[in-house]
Amino acid sequence: MTSTPSFLVSKGSKTVRLTPLTSLTPEQTELLETIVGPGGEEPPPPFLVWARNMELAHWVENLGRYCRNESRFPQRLRELSVLIAGRHFDSQSAWNAHIRQAVAEGIPAECLERLARGEDPQFKAEDERVFHAFAHEMLYDHFVSDETYAQALALFGEEGVLDLIGCIGSFSMSAMMLNIFQVPLRPHLPRPFADVDGFRKVTGGEA
C-alpha cells in the first residue's frame, strides 16, 4: 500500500455511503496517474468511487476518457452531453462540475438555465438543437423519431450518432453513480435544480 495522498483526507473526497479510502494500492495509483498525471493532484470525485472496483474502473475510465477528450464532437457538445445526462438523472454534482466549462466553450448560459429548470433549452445552433433533441428523445422516450435520427445522421454521420449514444450512456452511468453513493456537492457551488435537494426530489422548489 502507498502512503495516504492528501486528497483522501480532504472534505471533497468524502461520500455519505462509502467508507473513506485511507490509501491507494499501486493499481489505483496507476489509474489515478492516467487521469490527472503524477504528483498527487486531487482526482475528479467519480474516481474515488470507481476505485473500489478496479476491474470495472479501468473500463469506465477508458470509455469516459474517450467521451471527454476523443469523440467526434467539439468540446462544446461533449460538455453538453454531461449536462443533459446530469439533468436527466438529477445529478447536481455532475452539473456543477461541468456547467462553467460548457458556457466557456460557447453553450449559451440562458439555454442551460432553461435546461436546469426542465424546460426546452431553445438552442439556436443547429448542432446543439439536434444533439439535445436526440439525447432527450433517447432518455425520455427510449426511442428516437425518424425525423430526429435523420437530422443527427446528416450532421454527425453514423459514427457520430454512435458517439452521441456512447457519451450519453457514459455520463448517465457517472451521474447515477454520483447520486447512489451520495457524492456531495462542493460547498461553494449553488444548488442548480429547484426540484432536487441533496439526494431527494422535492416539489415546488422547497428545501
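Let me start with Met173. Leaving aside neighbours within four places in sequence, Met173 is in contact with Trp50 and Val60; contact means heavy atoms within 4.5 Å. This is a predicted model, where local features need pLDDT of at least 70, side-chain atom pairs count only at pLDDT 80 or more, and totals for chains, interfaces and linings use all residues. Residues are numbered from 1 along each chain as its sequence is written, and side-chain values use heavy atoms, with hydrogens and water left out.

Back to Met173. This residue lies in helix 8. Helices here are DSSP runs (H or I, at least four residues), numbered from the N terminus. Met173 has 29% relative accessibility, so it counts as partly exposed. The scale is this: buried is under 20% relative accessible area, exposed is over 50%, partly exposed is in between, with a 1.4 Å probe and protein chains only. Met173 and Ala85 are 88 residues apart in sequence, yet 8.7 Å apart in space, C-alpha to C-alpha.

Next, a helix pair. Helix 4 (residues 75-88) and helix 6 (residues 109-116) have axes that come within 10 Å and cross at roughly 20°. Axes are lines fitted to C-alpha atoms over the stretch in contact, and angles run from 0 to 180 degrees between N-to-C directions. So helix 4 is roughly parallel to helix 6, the term for angles under 35 degrees. Who makes the contact? Leu80, Leu83, Ile84 and Arg87 from helix 4, and Leu112, Leu115 and Ala116 from helix 6.

Now the cores. A nonpolar core is a set of buried Ala, Val, Leu, Ile, Met, Phe, Trp, Tyr and Cys residues joined through side-chain atoms within 4.5 Å. The largest has 25 residues; Leu80, Ile84, Trp95, Leu112, Phe131, Phe156 and Leu164 touch the most other members. Helix 4, helix 5 (92-104), helix 6, helix 7 (126-141) and helix 8 (146-180) each supply at least two residues. Beyond four places in sequence, Leu112 has contacts that include Leu80, Trp95, Ile99 and Val103. A second, separate core has 17 residues, among them Leu24, Met54, Val60 and Ala94.

Last, the cysteines. How many disulfides are there? The count is zero, with a disulfide taken as a pair of cysteine sulfur atoms within 2.5 Å. The sulfur of Cys67 has its closest cysteine sulfur in Cys167, at 3.8 Å, so it is too far for a bond. Cys67 is buried at 1% relative accessibility. Cys167 is buried too, at 0%.

Key. Angles under 35 degrees count as roughly parallel, over 145 as roughly antiparallel, 65 to 115 as roughly perpendicular and the rest as oblique.
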